[in-house]
Amino acid sequence: MTADRAILSRQLEGQVALITGAASGIGRGIAEVLHSRGASLVIVDIDGDAARQAAAEIAGNGGAAMGLSGDVTDPSTLATAVDTALERFGEIDICIANAGVIGGPGFSDRRDYSDADWDATQAVNLRGVVNTNDAVRPHMAERGSGRIINIASHGGRAPRGDGSELGSIQVPYGVSKAGVIQWTMHLALQIAKHGITVNAVCPGTLWTPMWQRIAVMRSQQQARYLGMDSKEIFDRQIQGSVPLGRPQTPTDIGNAVAFLASDDARIITGQALNVNGGATMN
Ligand SMILES: NC(=O)c1ccc[n+]([C@@H]2O[C@H](COP(=O)([O-])OP(=O)(O)OC[C@H]3O[C@@H](n4cnc5c(N)ncnc54)[C@H](O)[C@@H]3O)[C@@H](O)[C@H]2O)c1
(Lines give C-alpha, C1' and ligand atoms only; values in the text may rest on other atoms or scores of the structure.)
Protein backbone atom coordinates (compact mmCIF):
# COMPACT_ATOMS: atom_id res chain seq x y z
CA MET A 1 0.00 0.00 0.00
CA THR A 2 1.39 3.44 -0.91
CA ALA A 3 1.51 6.20 1.69
CA ASP A 4 -1.31 8.09 -0.10
CA ARG A 5 -3.45 4.96 -0.19
CA ALA A 6 -2.85 4.36 3.51
CA ILE A 7 -3.98 7.92 4.34
CA LEU A 8 -7.11 7.49 2.19
CA SER A 9 -7.95 4.20 3.84
CA ARG A 10 -8.17 5.88 7.28
CA GLN A 11 -9.54 9.22 6.06
CA LEU A 12 -12.49 9.14 8.52
CA GLU A 13 -10.43 8.26 11.60
CA GLY A 14 -11.92 9.78 14.74
CA GLN A 15 -15.24 10.65 13.10
CA VAL A 16 -18.64 9.40 14.21
CA ALA A 17 -21.26 8.41 11.62
CA LEU A 18 -24.96 7.84 12.34
CA ILE A 19 -26.62 5.71 9.63
CA THR A 20 -30.30 4.80 9.43
CA GLY A 21 -31.54 1.52 7.92
CA ALA A 22 -28.05 0.07 8.24
CA ALA A 23 -29.01 -3.40 9.46
CA SER A 24 -29.15 -4.70 5.88
CA GLY A 25 -28.56 -3.94 2.23
CA ILE A 26 -27.05 -0.63 1.17
CA GLY A 27 -26.95 0.84 4.68
CA ARG A 28 -24.95 -2.10 5.92
CA GLY A 29 -22.51 -1.66 3.02
CA ILE A 30 -22.13 2.05 3.80
CA ALA A 31 -21.46 1.19 7.46
CA GLU A 32 -18.76 -1.31 6.49
CA VAL A 33 -16.97 1.15 4.19
CA LEU A 34 -17.06 4.01 6.73
CA HIS A 35 -15.82 1.69 9.48
CA SER A 36 -12.99 0.45 7.27
CA ARG A 37 -11.94 4.10 6.85
CA GLY A 38 -11.81 4.68 10.58
CA ALA A 39 -15.25 6.01 11.50
CA SER A 40 -17.14 4.96 14.62
CA LEU A 41 -20.70 3.87 13.83
CA VAL A 42 -24.17 4.43 15.20
CA ILE A 43 -26.41 2.00 13.33
CA VAL A 44 -30.10 2.85 13.67
CA ASP A 45 -32.77 0.53 12.29
CA ILE A 46 -36.41 -0.27 12.92
CA ASP A 47 -35.16 -3.80 13.54
CA GLY A 48 -33.13 -3.11 16.67
CA ASP A 49 -31.85 -6.68 17.07
CA ALA A 50 -30.56 -6.69 13.50
CA ALA A 51 -28.93 -3.29 14.10
CA ARG A 52 -27.11 -4.58 17.18
CA GLN A 53 -26.03 -7.69 15.31
CA ALA A 54 -24.72 -5.65 12.39
CA ALA A 55 -22.75 -3.41 14.76
CA ALA A 56 -21.20 -6.43 16.48
CA GLU A 57 -20.33 -8.11 13.17
CA ILE A 58 -18.76 -4.99 11.65
CA ALA A 59 -16.74 -3.76 14.59
CA GLY A 60 -16.66 -6.71 16.99
CA ASN A 61 -18.13 -6.57 20.46
CA GLY A 62 -16.43 -3.68 22.20
CA GLY A 63 -15.54 -2.12 18.84
CA ALA A 64 -16.48 1.41 17.93
CA ALA A 65 -19.99 0.63 16.72
CA MET A 66 -23.37 0.57 18.39
CA GLY A 67 -26.70 -0.68 17.11
CA LEU A 68 -29.92 1.05 18.16
CA SER A 69 -33.60 0.58 17.54
CA GLY A 70 -35.17 3.59 15.82
CA ASP A 71 -38.03 4.31 13.46
CA VAL A 72 -37.38 7.22 11.10
CA THR A 73 -41.11 7.99 10.97
CA ASP A 74 -41.04 8.67 14.73
CA PRO A 75 -38.86 11.69 15.62
CA SER A 76 -38.87 10.77 19.34
CA THR A 77 -36.98 7.54 18.60
CA LEU A 78 -34.43 9.47 16.54
CA ALA A 79 -33.97 11.99 19.36
CA THR A 80 -33.28 9.10 21.73
CA ALA A 81 -30.79 7.59 19.27
CA VAL A 82 -28.96 10.91 18.91
CA ASP A 83 -28.82 11.37 22.71
CA THR A 84 -27.51 7.82 23.15
CA ALA A 85 -24.90 8.33 20.44
CA LEU A 86 -23.72 11.60 22.01
CA GLU A 87 -23.46 9.97 25.44
CA ARG A 88 -21.27 7.22 23.98
CA PHE A 89 -19.16 9.13 21.44
CA GLY A 90 -19.58 12.83 22.35
CA GLU A 91 -20.20 13.96 18.76
CA ILE A 92 -21.84 13.09 15.45
CA ASP A 93 -19.81 14.21 12.44
CA ILE A 94 -21.63 12.38 9.64
CA CYS A 95 -25.34 11.59 9.19
CA ILE A 96 -26.53 9.19 6.51
CA ALA A 97 -30.30 9.02 6.03
CA ASN A 98 -30.58 5.71 4.21
CA ALA A 99 -33.69 3.91 5.55
CA GLY A 100 -36.25 3.39 2.83
CA VAL A 101 -39.08 1.20 1.56
CA ILE A 102 -40.27 0.38 -1.96
CA GLY A 103 -43.94 0.51 -0.98
CA GLY A 104 -46.51 -0.40 1.64
CA PRO A 105 -47.54 -3.81 2.98
CA GLY A 106 -48.63 -6.13 0.16
CA PHE A 107 -46.56 -4.23 -2.46
CA SER A 108 -45.48 -7.42 -4.26
CA ASP A 109 -49.10 -8.56 -4.67
CA ARG A 110 -50.24 -5.42 -6.49
CA ARG A 111 -50.04 -4.29 -10.10
CA ASP A 112 -50.86 -0.65 -9.37
CA TYR A 113 -50.11 1.66 -6.47
CA SER A 114 -52.42 1.91 -3.48
CA ASP A 115 -52.83 4.41 -0.65
CA ALA A 116 -50.53 2.14 1.36
CA ASP A 117 -47.71 2.71 -1.16
CA TRP A 118 -48.14 6.50 -1.14
CA ASP A 119 -48.33 6.59 2.66
CA ALA A 120 -45.33 4.34 3.31
CA THR A 121 -42.99 5.94 0.77
CA GLN A 122 -43.83 9.47 1.87
CA ALA A 123 -43.55 8.61 5.57
CA VAL A 124 -40.32 6.58 5.46
CA ASN A 125 -38.45 7.78 2.37
CA LEU A 126 -39.25 11.50 2.50
CA ARG A 127 -40.40 12.49 6.00
CA GLY A 128 -38.02 9.88 7.43
CA VAL A 129 -35.07 11.64 5.78
CA VAL A 130 -36.31 15.04 6.98
CA ASN A 131 -36.76 13.67 10.51
CA THR A 132 -33.26 12.14 10.49
CA ASN A 133 -31.62 15.32 9.25
CA ASP A 134 -33.58 17.45 11.74
CA ALA A 135 -32.50 15.17 14.59
CA VAL A 136 -28.77 15.85 14.01
CA ARG A 137 -28.67 19.38 12.64
CA PRO A 138 -28.88 21.31 15.97
CA HIS A 139 -25.84 19.38 17.23
CA MET A 140 -23.94 19.95 13.98
CA ALA A 141 -24.89 23.65 13.90
CA GLU A 142 -23.63 24.08 17.45
CA ARG A 143 -20.30 22.52 16.48
CA GLY A 144 -20.11 24.48 13.22
CA SER A 145 -19.45 21.40 11.08
CA GLY A 146 -21.07 18.26 9.77
CA ARG A 147 -21.72 16.11 6.73
CA ILE A 148 -25.23 15.00 5.84
CA ILE A 149 -25.73 12.48 3.03
CA ASN A 150 -29.21 11.39 1.99
CA ILE A 151 -29.81 8.23 -0.01
CA ALA A 152 -32.20 9.00 -2.87
CA SER A 153 -32.37 7.01 -6.15
CA HIS A 154 -31.70 7.64 -9.82
CA GLY A 155 -35.44 7.03 -10.14
CA GLY A 156 -35.90 10.28 -8.23
CA ARG A 157 -34.14 12.27 -10.99
CA ALA A 158 -36.55 11.33 -13.79
CA PRO A 159 -39.07 8.57 -14.52
CA ARG A 160 -37.43 5.41 -15.84
CA GLY A 161 -38.69 2.81 -18.29
CA ASP A 162 -41.33 3.21 -20.98
CA GLY A 163 -44.40 3.31 -18.76
CA SER A 164 -44.97 -0.44 -19.05
CA GLU A 165 -41.58 -1.72 -17.90
CA LEU A 166 -41.65 -0.48 -14.32
CA GLY A 167 -45.38 -0.27 -13.81
CA SER A 168 -47.21 2.52 -12.04
CA ILE A 169 -46.73 0.78 -8.71
CA GLN A 170 -43.22 2.30 -8.45
CA VAL A 171 -44.49 5.85 -9.02
CA PRO A 172 -44.95 6.72 -5.31
CA TYR A 173 -41.41 5.52 -4.63
CA GLY A 174 -39.95 7.68 -7.43
CA VAL A 175 -41.90 10.73 -6.27
CA SER A 176 -40.66 10.25 -2.70
CA LYS A 177 -37.06 10.09 -3.94
CA ALA A 178 -37.54 13.25 -6.04
CA GLY A 179 -38.64 14.85 -2.79
CA VAL A 180 -35.45 13.70 -1.08
CA ILE A 181 -33.34 15.41 -3.76
CA GLN A 182 -35.33 18.66 -3.49
CA TRP A 183 -35.17 18.57 0.32
CA THR A 184 -31.41 17.98 0.16
CA MET A 185 -30.94 21.15 -1.87
CA HIS A 186 -33.17 23.23 0.40
CA LEU A 187 -31.42 22.03 3.54
CA ALA A 188 -27.99 22.62 1.99
CA LEU A 189 -28.98 26.26 1.40
CA GLN A 190 -30.36 26.67 4.90
CA ILE A 191 -27.41 25.29 6.87
CA ALA A 192 -24.37 26.12 4.75
CA LYS A 193 -23.79 29.05 7.14
CA HIS A 194 -23.10 26.53 9.90
CA GLY A 195 -20.37 24.79 7.90
CA ILE A 196 -22.56 21.75 7.21
CA THR A 197 -22.68 20.15 3.77
CA VAL A 198 -25.78 18.27 2.57
CA ASN A 199 -25.70 16.01 -0.48
CA ALA A 200 -27.66 13.12 -1.94
CA VAL A 201 -26.41 9.85 -3.40
CA CYS A 202 -28.64 8.27 -6.04
CA PRO A 203 -28.04 4.51 -6.31
CA GLY A 204 -29.06 2.62 -9.45
CA THR A 205 -29.93 -1.07 -9.13
CA LEU A 206 -28.72 -3.35 -6.33
CA TRP A 207 -29.66 -6.89 -5.32
CA THR A 208 -30.94 -6.21 -1.80
CA PRO A 209 -34.12 -7.24 0.06
CA MET A 210 -35.77 -4.13 -1.46
CA TRP A 211 -35.10 -5.19 -5.04
CA GLN A 212 -36.20 -8.74 -4.20
CA ARG A 213 -39.66 -7.32 -3.42
CA ILE A 214 -39.70 -5.64 -6.85
CA ALA A 215 -38.73 -8.93 -8.52
CA VAL A 216 -41.48 -10.86 -6.71
CA MET A 217 -44.00 -8.20 -7.74
CA ARG A 218 -42.93 -8.46 -11.38
CA SER A 219 -43.00 -12.26 -11.39
CA GLN A 220 -46.61 -12.14 -10.18
CA GLN A 221 -47.92 -9.09 -12.00
CA GLN A 222 -46.10 -8.56 -15.29
CA ALA A 223 -46.58 -11.01 -18.16
CA ARG A 224 -43.08 -10.74 -19.57
CA TYR A 225 -41.59 -12.01 -16.29
CA LEU A 226 -44.02 -14.88 -15.60
CA GLY A 227 -42.16 -18.09 -14.75
CA MET A 228 -38.83 -16.35 -14.09
CA ASP A 229 -37.25 -16.47 -10.64
CA SER A 230 -36.39 -13.28 -8.79
CA LYS A 231 -32.69 -13.26 -9.59
CA GLU A 232 -33.36 -13.86 -13.29
CA ILE A 233 -35.68 -10.85 -13.29
CA PHE A 234 -32.99 -8.73 -11.64
CA ASP A 235 -30.38 -9.90 -14.16
CA ARG A 236 -32.78 -9.08 -17.03
CA GLN A 237 -33.14 -5.55 -15.59
CA ILE A 238 -29.37 -5.08 -15.61
CA GLN A 239 -28.85 -6.45 -19.14
CA GLY A 240 -28.54 -3.62 -21.60
CA SER A 241 -29.45 -0.92 -19.09
CA VAL A 242 -26.08 -0.32 -17.42
CA PRO A 243 -23.26 0.94 -19.67
CA LEU A 244 -20.63 -0.32 -17.21
CA GLY A 245 -22.26 -3.73 -17.46
CA ARG A 246 -22.99 -4.72 -13.87
CA PRO A 247 -25.30 -3.98 -10.97
CA GLN A 248 -24.03 -1.77 -8.19
CA THR A 249 -23.00 -3.14 -4.82
CA PRO A 250 -23.49 -1.69 -1.32
CA THR A 251 -19.72 -1.09 -1.30
CA ASP A 252 -20.03 1.06 -4.45
CA ILE A 253 -22.58 3.24 -2.66
CA GLY A 254 -20.44 3.27 0.51
CA ASN A 255 -17.43 4.51 -1.48
CA ALA A 256 -19.43 7.47 -2.83
CA VAL A 257 -20.77 8.26 0.63
CA ALA A 258 -17.25 8.10 2.11
CA PHE A 259 -16.04 10.62 -0.48
CA LEU A 260 -18.86 13.05 0.32
CA ALA A 261 -18.18 12.59 4.05
CA SER A 262 -14.47 13.23 3.62
CA ASP A 263 -12.47 16.44 3.63
CA ASP A 264 -11.96 16.00 -0.13
CA ALA A 265 -15.63 17.01 -0.59
CA ARG A 266 -15.56 20.03 1.74
CA ILE A 267 -16.69 22.49 -0.95
CA ILE A 268 -19.45 20.26 -2.37
CA THR A 269 -23.00 20.85 -1.13
CA GLY A 270 -26.55 20.64 -2.46
CA GLN A 271 -25.63 18.04 -5.07
CA ALA A 272 -27.12 14.68 -6.07
CA LEU A 273 -24.65 12.07 -7.34
CA ASN A 274 -25.77 9.12 -9.48
CA VAL A 275 -23.95 5.89 -8.61
CA ASN A 276 -25.54 3.69 -11.26
CA GLY A 277 -22.93 2.52 -13.77
CA GLY A 278 -24.14 5.17 -16.23
CA ALA A 279 -27.70 3.81 -16.42
CA THR A 280 -28.97 7.39 -16.50
CA MET A 281 -26.88 10.49 -17.08
CA ASN A 282 -28.54 13.48 -15.51
N1 LIG B 1 -31.76 -1.62 -3.80
C2 LIG B 1 -31.78 -0.74 -4.79
O3 LIG B 1 -31.70 -1.11 -5.99
C4 LIG B 1 -31.88 0.74 -4.49
C5 LIG B 1 -31.78 1.64 -5.58
C6 LIG B 1 -31.86 3.00 -5.33
C7 LIG B 1 -32.03 3.48 -4.03
N8 LIG B 1 -32.13 2.59 -3.00
C9 LIG B 1 -32.31 3.16 -1.65
O10 LIG B 1 -31.30 2.72 -0.79
C11 LIG B 1 -31.79 2.68 0.57
C12 LIG B 1 -31.54 1.30 1.15
O13 LIG B 1 -32.22 0.35 0.34
P14 LIG B 1 -31.90 -1.21 0.38
O15 LIG B 1 -32.02 -1.70 -0.99
O16 LIG B 1 -30.66 -1.45 1.16
O17 LIG B 1 -33.20 -1.72 1.19
P18 LIG B 1 -33.31 -2.84 2.33
O19 LIG B 1 -34.76 -3.16 2.37
O20 LIG B 1 -32.34 -3.92 2.09
O21 LIG B 1 -32.87 -2.09 3.66
C22 LIG B 1 -33.64 -1.07 4.23
C23 LIG B 1 -33.32 -1.00 5.70
O24 LIG B 1 -34.09 0.08 6.25
C25 LIG B 1 -34.72 -0.38 7.44
N26 LIG B 1 -35.96 0.38 7.65
C27 LIG B 1 -37.12 0.29 6.95
N28 LIG B 1 -38.02 1.13 7.46
C29 LIG B 1 -37.42 1.78 8.48
C30 LIG B 1 -37.87 2.78 9.39
N31 LIG B 1 -39.13 3.27 9.36
N32 LIG B 1 -36.98 3.23 10.30
C33 LIG B 1 -35.72 2.74 10.38
N34 LIG B 1 -35.27 1.78 9.55
C35 LIG B 1 -36.12 1.31 8.61
C36 LIG B 1 -34.98 -1.86 7.21
O37 LIG B 1 -35.18 -2.58 8.43
C38 LIG B 1 -33.72 -2.28 6.46
O39 LIG B 1 -32.66 -2.66 7.35
C40 LIG B 1 -33.27 3.02 0.48
O41 LIG B 1 -33.46 4.40 0.78
C42 LIG B 1 -33.61 2.74 -0.97
O43 LIG B 1 -34.72 3.47 -1.41
C44 LIG B 1 -32.07 1.23 -3.20
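Ground rules. Residues are numbered from 1 along each chain as its sequence is written, and side-chain values use heavy atoms, without hydrogens or water. Because the model is predicted, local features need pLDDT of at least 70 and side-chain atom pairs count only at pLDDT 80 or more, while totals for chains, interfaces and linings use all residues.

Ligand first. The shell holds 27 residues, where near means a heavy atom within 4 Å. I26, D45, N98, Y173 and T208 come nearest.

Now the polar contacts, meaning N or O pairs within 3.5 Å. The T208 side chain puts an N or O atom 2.5 Å from a ligand oxygen. For D45, the separation from a ligand oxygen is 2.6 Å. For a polar side-chain atom of Y173, it is 2.6 Å as well. How much of the ligand does the protein bury? Taken alone, the ligand exposes 840 Å², and 91% of that is buried. Areas are Shrake-Rupley, with a 1.4 Å probe.

Which elements give two or more residues to the shell? Helix 2 (25-36), helix 6 (171-191) and helix 7 (209-221). Helix 7 gives the largest share, three residues. Helices here are DSSP runs of H or I, at least four residues, numbered from the N terminus.

By class, the shell has 14 nonpolar, 10 polar and three charged residues. Charged means Asp, Glu, Lys and Arg; Gly counts as polar.

Next, packing. Axes are fitted to C-alpha atoms over the stretch in contact, with angles from 0 to 180 degrees between N-to-C directions. Helix 2 and helix 9 (residues 250-261) come within 7 Å and cross at roughly 55 degrees. Helix 2 and helix 9 are therefore oblique. Helix 5 (residues 115-143) and helix 6 pack at about 20 degrees, axes 8 Å apart. That makes the pair roughly parallel, a label for angles under 35 degrees; oblique is what remains after over 145 (roughly antiparallel) and 65 to 115 (roughly perpendicular).

Methods
A polar contact is a pair of N or O atoms within 3.5 Å; within protein, one must be able to donate a hydrogen and the other to accept it, and residues adjacent in sequence count only if both atoms are side-chain atoms.
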